[in-house]
Structure formats: structure tokens, C-alpha cells
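Please look through the structure below, and keep the sequence at hand while reading. The paragraphs that follow lead from the surface to the sheet and then to the charged side chains.

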Amino acid sequence: MDISGASALVTGGASGLGFATARRLADAGAHVVIVDLPSSPGAERVAEIGGSFAAADVTDPGQVAAAVAAASAAGPLRVVVNCAGIAPAEKTVGKNGAHGLASFSKTITVNLIGSFNRIRLA
């Protein structure tokens with residue numbers, strides 16, 4: 001697939017699998033928009049590979065829409081990769097009681113609803 005000149009949006013793109021994916025897409029000629037938390041090293045990462053950084057919380061629909069708009073402005077948006085995610089280290093039931101519902105809800109919001117929203121908007 002030729003993606004040169006296309007735009008690619010990678011959430012969680014400032015580290016780990018997300019950054020490896022962003023680098024690979026940039027090497028293939030895509031304009032990569034890294035989407036990650038404002039506290040992430042996203043700005044430094046795009047300095048390494050080119051592209052742009054959209055500081056965003058993937059659970060915020062407005063911030064995600066702005067990142068999608070930024071990616072679309074850079075070229076035809078042809079690639080969206082969802083690497084943003086969290087995983088709290090809690091047992092369902094442990095010696096300290098039941099798993100916290102708030103942390104489970106946040107995990108679902110980031111990993112599932114956030115991923116769906118990015119795909120929907122892109």
C-alpha cells in the first residue's frame with residue numbers, strides 16, 4: 001500500500017507500540033499526527049520523525065475531533081491506529097476487596113469508547 005502523501009493519526013503515539021508505528025508510517029511517507037497526553041513526550045517524538053503532535057486526552061470528544069481535523073488538514077486521512085490504552089493492575093477480587101468500579105469504567109472509556117470515537121470521527 002502506498003501511503004506517501006497521506007495523513008496518519010496514531011493515538012498513544014509518543015511511546016511504545018504507538019511510537020514504533022508512527023515511525024514506520026513516517027518512514028513509508030505518511031504525514032504522522034501523534035496524539036497523546038499533553039504530559040507525554042509527543043513534541044519530542046515528532047521532532048524525531050517529522051509530522052505533528054496533537055496533545056489530547058482520548059476520552060475527550062472535542063480534543064479527538066481537533067486531532068482528526070489536524071490530521072485531515074495535513075493530507076488525506078487514510079490511516080488511524082489506536083495505540084492509546086490503559087490497564088490498571090487490580091484483581092477482580094483480592095485481599096483488599098473488590099476491583100474498583102471507577103478504574104474499570106475509566107479503562108472502558110479509554111480503551112473501548114475512545115477507540116470507537118476516534119474511528120467514528122476519522
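Which residues form a nonpolar patch on the surface? In this predicted model, the patch consists of L101, F104, I108, L112 and I113. Together these residues have about 500 Å² of accessible area. One of them, F104, lies in helix α4, which covers residues 101-121. F104 counts as partly exposed because its relative accessibility is 45%, and partly exposed is the class between under 20% (buried) and over 50% (exposed).

Now take the protein as a whole. It has four helices and six strands. Read from the N terminus, the order of the elements is β-α-β-α-β-α-β-β-β-α. The C-alpha trace spans about 55 × 25 × 25 Å along its principal axes. Of the 122 residues in the protein, 35% are buried.

Next comes the sheet. Four strands form an open sheet in the order β3-β2-β1-β4, and their pairing is parallel. The edges are β3 (52-55) and β4 (77-82), each of which pairs on one side only. From one strand to the next, the twist averages 20°.

Strand β1 (residues 7-11) pairs with β2 in the parallel sense over five bridges. Within this pairing, V10 has I34 of β2 as its bridge partner. To get from β1 to β2, the chain passes through helix α1 (residues 16-27), and this β-α-β crossover is right-handed. The step from β2 to β3 involves helix α2 (residues 42-49), and the three elements make a right-handed β-α-β unit. Is β2 mostly covered or mostly open? It is mostly covered, since five of its six residues are buried.

In a regular strand, side chains alternate between the two faces of the sheet.

Helix α3 (residues 61-74) contains A70. With 36% relative accessibility, A70 counts as partly exposed. A70 and H31 are 39 residues apart along the chain, and their C-alpha atoms are separated by 11 Å.

The last topic is charge. Side chains of opposite charge can pair when their charged atoms come close. How many salt bridges does the count come to? The count comes to two salt bridges. In one, R23 pairs with E48, and the closest N and O atoms are 3.2 Å apart. This pair links distant parts of the chain, with R23 in helix α1 and E48 in helix α2, 25 residues apart. In the other, the side chains of E48 and R45 meet at 3.1 Å, N to O. E48 and R45 are three residues apart in helix α2, so about one helical turn separates them. R23 counts as partly exposed at 34% relative accessibility, E48 as partly exposed at 44%, and R45 as partly exposed at 23%.

Methods. Residues numbered from 1 in each chain as written. Predicted model: local features only at pLDDT ≥ 70, side-chain atom pairs only at ≥ 80, totals over all residues. Heavy atoms only, no water. Pairing = 2+ DSSP bridges. Helix = DSSP H or I, 4+ residues; strand = E, 2+ residues; numbered from the N terminus. Axes fitted to C-alpha atoms, helices over the stretch in contact; angles between N-to-C directions. Patch = residues over 30% accessible without salt bridge, like charges linked within 9 Å, V, L, I, M, F, W, Y side chains within 5 Å. Areas by Shrake-Rupley, 256 points an atom, 1.4 Å probe, with all protein chains shown as cover. Salt bridge = Lys/Arg side-chain N within 4 Å of Asp/Glu carboxyl O. Buried < 20%, exposed > 50% of the residue type's maximum accessible area, 1.4 Å probe, protein only. Right-handed = clockwise from strand over helix to strand, strands pointing away.
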